[in-house]
Amino acid sequence: MAMGDQDPIGQVGEWSLIQALFSRGCPIDTLRVGIGDDAAILAGEGDKDWAATVDTLTEGIHALPGCDPEAFAWKSVAVNISDLAAMGAEPRHALLAAFLPPDMSRGRTEALATGLHAAFSHWGVALVGGDTSATPGPLALSLTLLGRVERGKALLRSGAQPGDWIYVTGTLGDSAAGLALLADPPTEWLGAYDQLVERHRQPRPPLAFGQALSELASAAIDVSDGLVTDLGRIATASGVGIKLEPRAIPLSAALGEWGWASGVELLDYALSGGEDFELAFAVAPEGIEALHRLQYQTDTRCTPIGRVVRERAGEVFAAEGRRLRGGYDHFSPSRERS
Ligand code: ADP
Ligand code: MG
C-alpha cells in the first residue's frame, strides 16, 4: 500500500513494513539465509552454521496487562525456541534486552527471572548477555537466540514441492482459546480451562522433533501467527499453492469441550488462531514412512492436512477451492484476523 509521510503505520501490514523499511539487502559472504525465514542462517565453523532469531514480547500486546511474569518470561524464550525448531536448529546462546517499568515490584521482577531461568534450563540455553533499560511503557522482553544447525540442513520455508504432503504437529487452536478464556473468564466451571490457558501461557514447541525433521521435510515454519497465514508464507517462499483439508486439522479434546460449552466456531480458531507454536511442514511422499518412525521415536503427533500443488502459487485454499485467509498482523487496520 502506498503511504504518505503522515499516515500511521498501523494500516500497512507487518510484512509490507518490514520489506519497505528493513529489507534493504547488504550482501556479506557469511550470510547464508537472510530476512524472510524463521531465523537467519550465518556461516559457522566446520560443518555447522548458526541460526539467529529475535522475538519481543510486550505486556498488553502479547499478554494481557497484569499477566503472570513467570509465564510471560517462559513464553519469551519459548517463542524463540519455536523459530529455531522451525529451522531444525539446536539452541545454544541467548541475549536478553529487558525493558522494565521502574514501578514494577521486586516480587514480579523475581518471578520474571524465575520464568526465564526455568525456560533456559529446560532447553539447555546459556544466557550470555543483554541489556536492561527502564521504560515509560509496559514490560517487554526481547530475546535473541543463537542455535547451531548442520550446514545445508536448515529447514527453510522455500523448499516445498508440488506433490508434497502438508503436515502439522500437535493440535491447533488451544492457545487462542486460552487467550479468549483469560480475557473473558467463563462464568460456569469448565474442565478444559487449565489446559487451554496453559497452552497459551507456557507453550512447549516441539524442538527435538524439529531438529530431526531437518532430514525429512522439504519446508517448515512454526505456527505463530495462525495456520493459514503461516502456510501462506511457505506457499509464497516456495512458489507453490497449498490445498488444505480444513476438516483434517487436529483439534484437542479440551478445545472441543470449550467449543461445545461456548458455541464458538472451532475451525476459525484452528485456522487463524495464533501462538500455537506447533510446526507446519511439507514432506515428499517418499519421506512419509520415515516420518511415521520419527513420530513414534519423538512421541510427536503429526497429522496430514493438505497437499502442495503447482497452481495458485502463494495461496492457501480449501479442497473445494475457497481461498482461506486468517491470522494476526500487528500492523493491519483491525490488528486481527484479516
Ligand atoms: P517470525 O514470526 O518467524 O518471528 P516474522 O513474521 O516476525 O517472523 O518476521 C518475518 C521475517 O522478517 C523474519 O525473517 C524476520 O527476521 C524479519 N524481520 C522482522 N522484523 C524485522 C526488522 N525490524 N528488521 C529486519 N528484519 C526483520
Ligand atoms: Mg516463525
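**A walk through the model**

Let me begin with Leu244, which counts as buried because its relative accessibility is 1%, and anything under 20% goes in that class. You'll find Leu244 in strand 9, residues 241-244. Its C-alpha sits 6.7 Å from the C-alpha of Arg307, even though 63 residues separate Leu244 and Arg307 in sequence. And before I go on, please keep in mind that this is a predicted model.

Okay, on to ligand 1.

Now the polar atoms around ligand 1. Gly36 has a backbone N or O atom 2.7 Å from an oxygen of ligand 1. Asp38 uses its side chain, with a polar atom 2.9 Å from a ligand 1 oxygen. For Asp83 there is also a polar side-chain atom, this time 3.0 Å from an oxygen of ligand 1. As for cover, ligand 1 on its own has 560 Å² of accessible area, and the protein covers 70% of that.

What coordinates the magnesium ion, ligand 2? Asp38, Asp83 and Asp222 do, each through OD, at 2.0 to 2.2 Å. If you like to read it off the chain, the donors of the magnesium ion follow D-x44-D-x138-D.

Next, helix 8, residues 253-262. Which residues of helix 8 are buried? They are Ala254, Leu255, Trp258 and Gly259. These four cover an arc of only 135 degrees around the axis, so they end up on the same side of helix 8. For anyone who wants the reasoning, an α-helix has 3.6 residues a turn, so residues three or four places apart point the same way. Over on the other side of helix 8, Ala253, Trp260 and Ala261 are exposed.

Last stop, a few loop residues. Phe277 isn't a glycine, yet its phi is positive, about 55 degrees. Phe277 belongs to the loop between helix 9 (266-272) and strand 10 (278-283). Its relative accessible area is 5%, so Phe277 is buried.

The loop between helix 9 and strand 10 also holds Glu275. Buried or exposed, then, for Glu275? Buried, because its relative accessibility is 17%, and the cut-off is under 20%. The side chain of Glu275 makes a polar contact, at 2.7 Å, with the side chain of Lys75.

And then Arg312, which is another residue other than glycine with a positive phi, near 55 degrees. Arg312 lies in the loop between strand 11 (302-309) and strand 12 (316-318). With 31% relative accessibility, Arg312 counts as partly exposed.

That's my tour, so over to you.

Key:
Residues numbered from 1 in each chain as written. Chains lettered and ligands numbered in written order. Predicted model: local features only at pLDDT ≥ 70, side-chain atom pairs only at ≥ 80, totals over all residues. Heavy atoms only, no water. Polar contact = N/O pair within 3.5 Å; in protein donor to acceptor, adjacent residues only side chain to side chain. Areas by Shrake-Rupley, 256 points an atom, 1.4 Å probe, with all protein chains shown as cover. Donors = N, O, S within 2.8 Å, 3.2 Å for Na, K, Ca; no water. Buried < 20%, exposed > 50% of the residue type's maximum accessible area, 1.4 Å probe, protein only. Helix = DSSP H or I, 4+ residues; strand = E, 2+ residues; numbered from the N terminus. Arc of directions from axis to C-beta.
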